[in-house]
Amino acid sequence: MRNYLKHYINGEWVESTGNETEDVINPATEEVIGTISLGTKEDLDKAVQAARDAFPSFSQTSKEERIKMLENIAAEYENRKEEIIETITEELGSPKSISENVHYMMGYNHFSQAAESLRDFSFIEDRGGHTVMKDSVGVSGLITPWNFPTNQISTKIASAFAAGSPVVAKPAELTPFAAIILTEIFDKVGVPKGAFNLVNGSGSVIGDGISSHPDIDFVSFTGSGAVGQKIMQNASERIANVALELGGKSPLVVLEDADVEKAARAAVSHIATNSGQVCSAATRVLVPSSMKDSFEEAVKKVLPEFPVGDPQGDNHIGPLVSKKQWDTVQSYIEKGQEEGATLLVGGTGKPEGLDKGYYAKPTVFTDVNNDMVIAQEEIFGPVTCLITYDTVEEAIEISNDVKYGLAGYVFGEDEQTLAKVASSIRAGRVKINDAEADFAAPFGGYKQSGIGREWGDYGIEEYLEVKTVLGYPKL
């Protein structure tokens with residue numbers, strides 16, 4: 001049992017001013033694995049004040065000091081590798097291979113990349129007759145989701161630290177333990193007191209409190225569109241800066257000359273990895289009409305490569321994070337059938353032999369048109385839709401015919417066509433033929449997928465204000 005009944009404020013673990021707690025459930029076993037304290041407004045106020053007090057000195061630390069701090073964090077993060085992997089497997093239900101190769105590695109890469117990006121980052125720019133300076137934005141409030149317990153919180157913290165911005169962080173109640181390990185890492189490497197503060201709690205108390213707090217200068221949030229709207233409303237009352245990374249309904253465009261089996265494997269991988277609980281997952285697979293039958297057969301062929309089961313074993317797909325999320329996914333599968341889509345594989349209920357745990361069947365719908373609910377709304381589970389098209393222009397039109405614009409994917413051989421489709425998709429990140437991830441490249445969305453960018457130097461920029469000084473002395 002992991003019992004964490006304290007918050008981390010001003011460099012110390014302190015008791016909550018309230019007495020409410022919440023149990024954390026292992027979604028693979030449905031058993032309680034620990035308890036956290038639910039913070040109060042008073043706890044948040046103390047954390048914000050600690051960050052406010054730390055701002056004058058932390059914002060003036062040198063670039064070299066921040067680089068060294070980020071490098072030390074990355075090194076200590078490596079030292080905690082096995083514990084981080086074990087923790088994410090337990091609290092999220094992520095299979096060990098995914099916990100290591102995705103969750104653990106993303107957290108590590110964000111800290112190491114922030115240090116690398118900072119080396120060449122210029123906070124002062126000479127523009128001939130004047131000087132442009134980039135100052136820390138101030139106190140940053142970070143609200144992070146449950147689906148990637150290290151990724152989102154690490155990229156936000158790494159960028160904030162690189163910019164000299166003190167932080168107040170609230171991780172998700174469903175997966176809080178990885179953030180607590182990060183906090184222990186910061187404490188061990190000597191992050192200055194008040195530069196990082198962690199308050200566990202509910203979205204309605206701590207989340208709303210962060211987005212509406214008069215002494216928080218910048219709010220960075222990853223999560224649902226509905227909560228993002230509420231955060232914008234709260235922040236607008238004091239004209240605070242906001243960055244949002246929200247949902248997605250990303251297209252995977254399979255071109256006529258694509259390797260069918262390779263593209264099918266990629267399509268299944270998108271709903272298998274993290275049990276499909278990925279905002280940038282490709283959950284609309286656009287296939288040429290002439291390729292429909294062969295693609296469906298390829299999907300059925302590659303699906304056994306992604307077994308569902310105990311995350312402690314040799315499986316690729318674990319459970320969904322909670323009973324609530326399981327119910328939501330089931331309702332979408334039912335809706336797809338009601339709308340007239342055809343079940344190629346999967347369906348409602350749990351996979352055979354998995355009665356305990358929030359496991360869902362990997363589900364692929366075919367005969368889907370883009371105006372169906374299952375093609376327009378983010379399901380956040382192992383469910384995808386196959387949609388046919390006749391021309392490249394039609395594929396582009398379908399790709400963009402959603403309210404989201406987080407990511408896009410294209411598979412094919414002809415470079416001109418690949419370039420045309422990739423440049424025409426209205427999304428913040430487009431990947432061609434499973435290109436490798438680049439942690440220096442910006443990540444974020446168009447339309448209702450968000451505001452602002454994370455990762456690398458673009459992420460650092462979010463935590464800075466731009467100042468023009470006319471007539472600045474040439475020192």
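**View 1. Cys279 sits in a loop of this predicted model.** The loop holding Cys279 runs between α9 (260-272) and β14 (282-288). The model is a prediction. Is Cys279 buried or exposed? Cys279 counts as buried because its relative accessibility is 9%, and buried means under 20%. Beyond the residues within four places in sequence, Cys279 is in contact with Asn147, Glu245, Leu246, Gly247, Gly248, Glu378, Phe380 and Leu406.

**View 2. Glu245 and Cys279 share an annotation.** The UniProt record, an unreviewed entry, marks Glu245 and Cys279 as "active site". The two are spread over 35 residues of sequence, yet they cluster in space, with a largest C-alpha distance of 8.9 Å. Glu245 and Cys279 both belong to the lining of the largest pocket.

**View 3. Glu245 lies in a strand.** The strand is β12, residues 241-245. Glu245 is buried, with a relative accessible area of 4%. Which residues does Glu245 touch, leaving out those up to four places away in sequence? They are Gln152, Phe221, Thr222, Gly223, Cys279, Leu406, Phe443, Ser449 and Glu454.

**View 4. Helix α7 and its cover.** Helix α7 spans residues 203-212. Buried residues in α7 are Ile206, Gly207, Gly209, Ile210 and Ser211. What covers them? The cover includes the helices α1 (41-58) and α8 (225-236). It also includes the strands β8 (140-143), β9 (167-170) and β11 (218-222).

View 5. Helix α3 covers residues 81-92, which makes 12 residues. At 1.5 Å a residue, α3 should span 16 Å. The buried residues of α3 are Ile84, Ile85, Thr87, Ile88, Thr89, Glu91 and Leu92. Their cover includes the strands β1 (2-4), β4 (21-26) and β5 (31-37). The helices α2 (63-79), α4 (96-119) and α6 (177-189) are also among the covering elements. Gly93 follows α3 and has a positive phi, near 80°.

**View 6. His103 in helix α4.** His103 is part of helix α4. How accessible is His103? Its relative accessibility is 0%, so His103 counts as buried. Neighbours within four places in sequence aside, His103 is in contact with Tyr77, Ile88, Leu92, Ser94, Ile98, Asn147, Phe148, Pro149, Thr150 and Asn274. Two of these names have come up before. Ile88 and Leu92 are among the buried residues of α3.

**View 7. The hairpin of β2 and β3.** Strands β2 (residues 6-9) and β3 (residues 12-15) run antiparallel and are joined by four bridges. Tyr8 stands opposite Trp13 in β3. Two residues lie between the strands of this hairpin. One of the turn residues, Asn10, has a positive phi of about 55°.

**View 8. An open sheet of three strands.** In which order do the strands of this sheet run? The order is β6-β7-β23, with antiparallel pairing. The edge strands, β6 (124-126) and β23 (464-470), each pair on one side only. From one strand to the next, the twist averages 20°. Strand β7 (residues 130-136) is joined to β23 by seven bridges. Among the facing residues, His130 stands opposite Leu470 in β23. In a regular strand, side chains alternate between the two faces of the sheet.

Note on methods. Residues numbered from 1 in each chain as written. Predicted model: local features only at pLDDT ≥ 70, side-chain atom pairs only at ≥ 80, totals over all residues. Heavy atoms only, no water. UniProt positions renumbered as here; feature names shortened; annotations may be inferred. 1 Å grid on protein atoms, 1.4 Å probe; cavity = no way out; pocket = protein on both sides within 12 Å on 5 of 7 lines; lining within 4 Å. Buried < 20%, exposed > 50% of the residue type's maximum accessible area, 1.4 Å probe, protein only. Contact = heavy atoms within 4.5 Å. Pairing = 2+ DSSP bridges. Axes fitted to C-alpha atoms, helices over the stretch in contact; angles between N-to-C directions. Expected span 1.5 Å × (residues − 1).
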